[in-house]
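Please look through the sequence and the model below before reading on.

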Amino acid sequence: MAEKPERIASTDIPSKGVSDTQIEDNTHHGVDDVVNTNLEAKIKNPLKGVPYDQLMRDVEAFAEEKGLTEHVALLRKGALVAQDPTSFGENLTGEHALDEAEIKALREEVTHKWRLPMKLYLTIATCSIGAAVQGWDQTGSNGATLFFPAYYGIKHNDLANALVLQLVGMINAGPYIGCALLGCWLSDPANNYLGRRGVIFVAGHLCIWPVIGSAFCETWQQQFACRLLMGVGMGIKASTVPIYAAENSPASIRGALVMSWQMWTAFGIMLGTAVNLACFYNVHNWRLMLGAPFIPAVPLVFLIYLCPESPRWLMKKNRYPKAWINLCKLRNHPIQVARDLYYIHAQLSIEELITKKSNYLTRAGQLFTIPRVRRANIAAFTVMLAQQMCGINIIAFYSTTVFEAAGSTQFIAMVSSFGFGMVNFLFAFPAFWTIDTFGRRSLLLFTFPNMMWSLLAAGLCTLMDDSNPAKTACVAIFVYIFAAFYSPGEGPVPFTYSAEVYPLSHREVGMGFAVATCLGFAAILGITFPLILTALGTAGAFGLYAGFNFVAFWMIFFLVPETKQRTLEELDYVFGVPMGKFASYQVTKAAPFWFKRYVFFQKDAKLEPLYHIENEEHDSSYSDRAEQRHPMRSSPAELDVEKSARPMPESQGNEKM
């Protein structure tokens, strides 16, 4: 192989094994033409256009360099399938023809997408139960807030005492302060040295011992210290678990598998409200409420090393034989392993055009300087910030306080909070089906207006006379409606979305920044909401957050592209589209289409897609090019028949407003 220019060399991912012609062509046209400025809005395949002979030489060189020579025959097939994944390898003939089992395995990724290895299900389940710590702690402090201020001598007899209100809020926000200031930023270096599993193991312990310690604290200073330490573990875990799940999951259902993080967070919220009720009359009620959230972290630390390490992380560390072994545990057939391994390697080599050599500080800076990474960073920042703007955590943190302020007794307020936890958990299930079909962006744009009106209605209901027996019920009903819209939308999307949008080179630091955004603003919310509640009342506070929902809707409309059913590597080109071009498309194409189709009911309205997938663009010379580059493929006539017969993936541009 010819020596590559120094600027694309890497100590972690050498570019050998990817076409010199392709790399040099990308270098000639410049990084902006490759990824950073995707003006044509094309989802490009890095292997497309590589001549057959060159591709075979690249595969052989790749297999030799990476210690995969025993799999070279499969890698040749996998590379050819990766060049044209929509054909399922059916147009390959000769020595590279796929057998029936291989073709079936590729087709079943579409026709039976939930038919996955048990090891993959174990990986997702093991990681996601750790999310219950997050949800459980929110509602543990929710109930304990009624009791621990009096024990620590910081109970506010005068609600106007701003200092006391801030102190209670700061204790409640302790985990999120620890997350935002330290935990999230430790994710990148910790992942670099420990791997995904090692980080999750350490974070699991930080979510056990400080939580247990919080049940035995005798002063508010001790309590705050324990909660800060727990926050460090929560931040590292929240920055790593969604990445680990996303890297191990196939593209077709990646959203559904990664969103199990949110489902288990919702499950933790529900369990927390249930434990609060069970402990209400116990003499040690608030200690049990604060200490119980350690329980979900126990199976996490015991099971994590039964799961395979992320193949993408292993490839980043140039440990390709181990990546092959682990990918075999996460896919149903070796042909899928060969295809994914070589395709990921090809894309990582292209990424080196952008990232070059970097360290932690330069990667953090590149979140704002490299156009492709910056666009992903803005989108992740937007969805994470929107989760705090929507108002869900004023309910999760302070629902008991809110219901009590609305005129309920403490016990009835806890019963109402338990109802919120149940609704939040049960309505997370629809997202398993909708997140990869309806799409991430579309779910957000549908649910935010509904969260806005339901939260506003809940606030207005608090203005009813206290003597009206329907007051608490009306407030609770609209809070539950709010939760029902949140759970399948802004609940699962932010962590799923943020885990997938960054390139591998910036995934840890990018996810750390995104989670720090989310949990940092959660800390601000936790500290400020008692003050807002005192100053504006329940109706005013809910109205304020209803307004935030309106603002968040338009932020998402202009800044957040759709990512459903794209591989993590294809997203380089999604975020290569300039933000101006994306925003212009939404205003001039998507919005008019939505009004024509869904307001004026014009059934003949059509939406011109924003993204064009090269594998799906077949001009009149398609067959000739295929035959010329790949003598092992089927004849031109057979290609035309198969082209018209096989289903085409839904264009990413065909999204609802």
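## A covered helix

Helix α27 (residues 493–501) is mostly covered, since nine of its nine residues are buried, where buried means under 20% relative accessible area, exposed means over 50%, and partly exposed lies in between (1.4 Å probe, protein chains only). The buried residues of α27 are V493, P494, F495, T496, Y497, S498, A499, E500 and V501. Helices (H or I, at least four residues) and strands (E, at least two) are taken here as DSSP runs, numbered from the N terminus.

The structure is a predicted model, in which local features need pLDDT of at least 70 and side-chain atom pairs count only at pLDDT 80 or more, while totals for chains, interfaces and linings use all residues. Residues are numbered from 1 along each chain as its sequence is written, and side-chain values use heavy atoms, with hydrogens and water left out.

## The nonpolar cores

A nonpolar core is a set of buried Ala, Val, Leu, Ile, Met, Phe, Trp, Tyr and Cys residues joined through side-chain atoms within 4.5 Å. The largest such core has 108 residues, and of these F448 and Y502 touch the most other members. The element that gives the most to this core is helix α28 (residues 507–559), with 21 residues. A second, separate core has 37 residues, among them M56, L80, L98 and A346.

Which residues does Y502 touch, not counting residues up to four places away in sequence? With contact taken as heavy atoms within 4.5 Å, Y502 touches L367, R372, V373, A376, N377, A380, R507, G510, M511, F513 and A514.

R227 counts as buried because its relative accessibility is 2%, and Q223 is buried with a relative accessible area of 0%. Not counting residues up to four places away in sequence, R227 touches D137, S141, I171, N172, G174, P175 and L290. Leaving aside its neighbours within four places in sequence, Q223 is in contact with Y152, I171, S214, C217, W286 and L290.

## Salt bridges

Side chains of opposite charge can pair when their charged atoms come close. A salt bridge is a side-chain nitrogen of Lys or Arg within 4 Å of a carboxyl oxygen of Asp or Glu, and the structure holds 14 salt bridges. Three of them are listed here.

| Side chains | Distance, N to O |
|---|---|
| R507 and E247 | 3.0 Å |
| R331 and D340 | 2.9 Å |
| K589 and E608 | 3.4 Å |

The salt bridge between R507 and E247 links distant parts of the chain, with R507 in helix α28 and E247 in helix α12, 260 residues apart. R507 is buried, with a relative accessible area of 1%, and E247 also counts as buried, at 1% relative accessibility. In the pair of R331 and D340, R331 is buried with a relative accessible area of 9%, and D340 counts as buried at 13% relative accessibility.

## Aromatic pairs

Rings of Phe, Tyr and Trp (its six-membered ring) pair if their centres lie within 6.5 Å, and planes under 30 degrees apart count as stacked, over 60 as edge-to-face and the rest as tilted. The structure holds 27 aromatic pairs. The rings of F148 and Y152 have their centres 5.9 Å apart and their planes at 55 degrees, so this pair is tilted. F148 counts as buried at 1% relative accessibility, and Y152 is buried with a relative accessible area of 10%. The rings of F438 and F446 have their centres 6.5 Å apart and their planes at 85 degrees, and therefore the pair is edge-to-face. F438 is partly exposed, with a relative accessible area of 29%, and F446 is partly exposed, with a relative accessible area of 47%. Elsewhere, ring pairs link F147, F280, Y281 and F411 into a cluster.
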